[in-house]
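Try each task before you read its solution.

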Amino acid sequence: MQLKKRNEMKRICYALALMMMLTTGCSDGKGKEKTAMEEPEEEPLPERFENDDLPKAADELFNDFVYYFASNEQLQRRRIMFPLKVNDEMVEEQEWQMEPFFMNAGEYTQIFDAPEQRELANDTTIDKVFIEKIFLAKDSVRQYAFDRDNGRWQMTGIEDLRLKDNPYATFLAFYQEFASDSAFQQKSLTDEIEFSSPDPDDESAMMEGFITPDSWEAFAPELPQDSIYNIVYGKQNARAKEKIFVICGISNGLEIELTFRQERGKWKLAKLTE
């Protein structure tokens, strides 16, 4: 899904789609600041260490903390509240196996109800966060709970839930079909999809405009299908008529944002930002 690999195709697609776009233009400034989880500036922790010496900044923002937590087994064990409640059982430290979360995949996803909800990821007062691994094909969700106590993040519990009990169950059912069925995806597009992306000829500028469903295939990003991760910072609003689905690279700056809105009770893709 690297954007650079698609630049040649985009040059052709932009030329073909130009007549169909209602408006186009480029901003003078750099593209929007990425909020993807990036590797911390500090040197990575050694594989084994004597003290829990995470940089203070890593405990301020959960995104920074989870990078270390998912990358270092010794730190992970130190930051789990053992015995850990996993559903109705208690797991002792010697039974625990390293959980890398999405680090092996190189990207993670987030779902928001509104643009302003994204700012919660930068809120240093947040003291409870959930990581959800959503198994779309299995209709289940594994939810990892994290709490910050005395300035230190810790995993405090794991719970397996049915997908239908998730606040976003209806949207997730839609997303699964949208991501895996090209015909359904085509039917789930608005007549004009708001679009913005780095200019293929000048990555410091943005191209903005609208694309139509008949040119969607040229712009459609690759979407995760079988399972996705979601980091939940605040309360999820099941009744929200908008969902912002974001694919975030861990260390490569990748960020793809799809905005879906309900129209007459059906979800439709209304905006794509790369």
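**Exercises on burial and salt bridges**

Arg 261 has 34% relative accessibility, so Arg 261 counts as partly exposed. Buried means under 20% relative accessible area, exposed over 50%, and partly exposed in between (1.4 Å probe, protein chains only). This is a predicted model: local features need pLDDT of at least 70, side-chain atom pairs count only at pLDDT 80 or more, and totals for chains, interfaces and linings use all residues. Residues are numbered from 1 along each chain as its sequence is written, and side-chain values use heavy atoms, with hydrogens and water left out.

**Exercise 1.** Find the salt bridge between Glu 242 and Arg 261, and classify Glu 242.

*Solution.* 
- Recall the rule: a side-chain nitrogen of Lys or Arg lies within 4 Å of a carboxyl oxygen of Asp or Glu.
- Check the pair: the N to O distance is 2.8 Å.
- Strands (E, at least two residues) and helices (H or I, at least four) are DSSP runs, numbered from the N terminus.
- Classify: Glu 242 has 17% relative accessibility, so Glu 242 is buried.

**Exercise 2.** Examine the salt bridge between Asp 147 and Lys 128.

*Solution.* 
- The closest N and O atoms are 3.0 Å apart.
- Asp 147 belongs to strand β6 (residues 140–149), Lys 128 to strand β5 (residues 128–135).
- Asp 147 is partly exposed at 24%. Lys 128 is partly exposed at 36%.

**Exercise 3.** How many residues of helix α2 (residues 62–71) are buried?

*Solution.* 
- Eight of the ten are buried.
- Among them are Phe 62, Tyr 67 and Ala 70.
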